Amino acid sequence: MIPKGNIVAATLVGLIMAGITGFILLVIAISWFSNAPFGLANAPAQPIAFPHTAHAGSVDDGGLGMECEFCHRNVTKGDSATVPALQQCWYCHQKVSGGDEEAQAEIDKLVTAYSDGVPVNWERVHRLPDHVRFVHEAHIRHFTMGDTPETQLEVKEVCTVCHGEVAKMEEVQPKQFQSLKMGTCLDCHRKYDVPTDCTICHK
Amino acid sequence: MVIKIEHKWGMVVDLDKCTGCNGCVVACQAENNLPINTKDLFMQKRAFEWIRIERYWEGEFPNVKARYLPVMCQHCGNAPCEPVCPVYATYHNDQGLNVQVYNRCVGTRYCINNCTYQVRFFNFWEPTWPERLQNQLNPDVTVRTRGITEKCTFCVQRIRRAEITVERRERTKLNDKTMAARNFMPACVQACPTNALMFGDQNNQEDKIHGYFEELHNHEGHSDSRGYRILEEIGTDPSVIYLKKVDQFKMEHSESHG
């Protein structure tokens with residue numbers, strides 16, 4: 001026979017435990033379905049499935065071996081790498097067709113969007129916080145024009161330092177090669193003896 | 001150990017040229033994403049500008065002279081705001097700038113209370129803009145949130161931009177010549193219609209502002225020049241020099257005789 005008081009206490013403890021478990025489950029559920037960088041979900045689906053493997057992948061892997069900066073043209077000139085204008089995609093794809101029907105369907109989407117003049121709303125995958133200034137051009141300059149072999153890379157090799165081997169990714173994942181948190185930046189800045197003053201990155 | 005300082009930014013304000021037009025105030029507001037100072041904010045005494053024009057009247061009625069004093073963050077060498085920050089959100093960087101790191105700031109407001117010049121401001125409200133102005137926000141400057149302190153940065157985003165541009169185009173470090181050639185300066189300096197504000201590197205021998213600082217440091221307190229720094233007697237070592245206004249009545253008098 002359990003005294004009455006213990007039953008009340010046990011019920012209370014049980015309710016609290018249930019509440020805590022429910023809360024944890026809720027947090028997991030929310031993070032499971034929300035996108036990076038906080039969530040665990042995959043990269044957001046792009047309006048047109050763009051395979052980096054087919055474009056930038058090496059010729060041996062069935063790609064075209066294109067340079068990163070052929071499409072992300074601003075990467076050697078300015079702050080952001082930029083997604084190319086639709087016209088640039090269309091310029092090749094008015095002639096180049098997809099290998100199979102599935103690929104052709106995606107290219108058709110692109111050609112239709114271009115001829116209708118409707119912009120494609122690409123989903124942004126990598127996003128830095130608002131208070132960070134990151135200049136792609138300066139980093140590429142550092143890694144291509146340095147004195148040591150480590151800093152005399154090709155442009156497309158420089159991209160892999162932070163973004164990983166995008167040429168081998170079917171779609172770019174938000175959980176990528178580097179976490180792109182402040183520690184990542186600082187490790188590298190210290191390694192190459194670059195200033196680590198706050199105002200170098202924070203604006 | 002001798003720390004080599006490449007730049008030490010400074011400013012010279014020629015009060016003789018200042019007409020009190022408030023151009024610098026507006027330019028700063030636009031450049032640095034400052035919220036619009038509405039009537040409500042003024043009534044609450046929550047309106048702020050990173051650079052303000054202080055106006056003083058001198059003399060009695062018919063012979064009144066208006067004196068203007070643009071006051072921005074003085075980027076003190078011995079800044080009173082820095083040691084009081086518990087989270088190291090404000091510190092002195094190696095270019096002589098007094099830096100406010102917004103994402104570190106927790107809003108204790110100690111620095112505001114300790115600032116001699118009243119040039120640090122607290123965001124009591126979430127800053128808002130009319131919808132038609134939201135696209136004019138400067139992407140190079142953080143939009144500060146409620147609950148943190150902010151202040152003049154000497155437009156550090158423009159200095160960084162200048163450094164990167166000069167290194168890319170000319171493969172040299174930023175210096176006075178390249179800075180002038182590419183026309184890099186803080187927004188207030190750029191906007192000043194009478195060129196009353198001058199911005200430059202105190203350490204650079206060839207810089208146009210170097211002479212003023214040289215003179216001030218060499219003849220401390222006994223200088224014949226017009227240069228002075230506001231409240232320098234309390235030892236804050238500001239990086240902004242003000243050039244005394246030349247009395248116009250005397251000038252006209254001597255000119256008519258000469």
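How many nonpolar, polar and charged residues does the lining of the largest cavity have, by class? The lining has seven nonpolar, eight polar and one charged residues. The model is predicted.

**Cavities**
- The structure holds five cavities of 30 Å³ or more.
- About 140 Å³ of space lies in the largest cavity.
- Its lining counts 16 residues, and K203(A), Q100(B), Y102(B), T153(B) and V156(B) are the closest to the centre.
- Two elements of chain B, β5 (98-100) and α4, each give two or more residues to this lining.
- The most comes from β5(B), which gives three residues.
- The second largest cavity holds about 110 Å³ of space.
- This second cavity has 15 lining residues, and C18(B), C21(B), C24(B), I53(B) and C192(B) lie nearest its centre.
- Ten of the lining residues of the second largest cavity are nonpolar, five are polar and none is charged.

**The second largest pocket**
- The second largest pocket has a space of about 390 Å³.
- It is lined by 17 residues, with K45(B), A47(B), F48(B), R120(B) and F121(B) nearest its centre.
- In chain B, α3 (110-114) and β6 (120-122) are the elements that give two or more residues to this lining.
- The largest share, three residues, belongs to β6(B).
- By class, the pocket lining has eight nonpolar, three polar and six charged residues.

**The largest nonpolar core**
- In soluble globular proteins, nonpolar side chains tend to be buried together.
- Here the largest nonpolar core has 53 residues, and M11(B), M72(B), F154(B), L197(B) and Y242(B) touch the most other members.
- Elements of chain B that each supply at least two residues include β1 (9-14), α1 (23-31), β3 (65-71) and β10 (240-243).
- The largest share of this core is four residues, from α4(B).

**Contact between the chains**
- Chain A puts 15 residues into the contact, and chain B puts in 21 residues.
- The two chains bury about 1600 Å² between them, 49% of it on carbon and sulfur atoms.
- On the chain A side, R141(A), T199(A) and K203(A) lose the most area to chain B, together 33% of what that side buries.

**One residue of chain A**
- L186(A) lies in helix α8 (residues 182-191) of chain A.
- Why is L186(A) called partly exposed? Its relative accessible area is 22%, and buried means under 20% while exposed means over 50%.
- L186(A) and V135(A) are 51 residues apart along the chain, and their C-alpha atoms are separated by 15 Å.

Technical notes:
Residues numbered from 1 in each chain as written. Chains lettered and ligands numbered in written order. Predicted model: local features only at pLDDT ≥ 70, side-chain atom pairs only at ≥ 80, totals over all residues. Heavy atoms only, no water. 1 Å grid on protein atoms, 1.4 Å probe; cavity = no way out; pocket = protein on both sides within 12 Å on 5 of 7 lines; lining within 4 Å. Points joined across faces, edges and corners; volume = space filled by probe spheres on them. Nonpolar A, V, L, I, M, F, W, Y, C, P; charged D, E, K, R; others polar. Core = buried A, V, L, I, M, F, W, Y, C linked by side-chain atoms within 4.5 Å. Buried < 20%, exposed > 50% of the residue type's maximum accessible area, 1.4 Å probe, protein only. Contact = heavy atoms within 4.5 Å. Buried area = accessible area lost by both parts, 1.4 Å probe.
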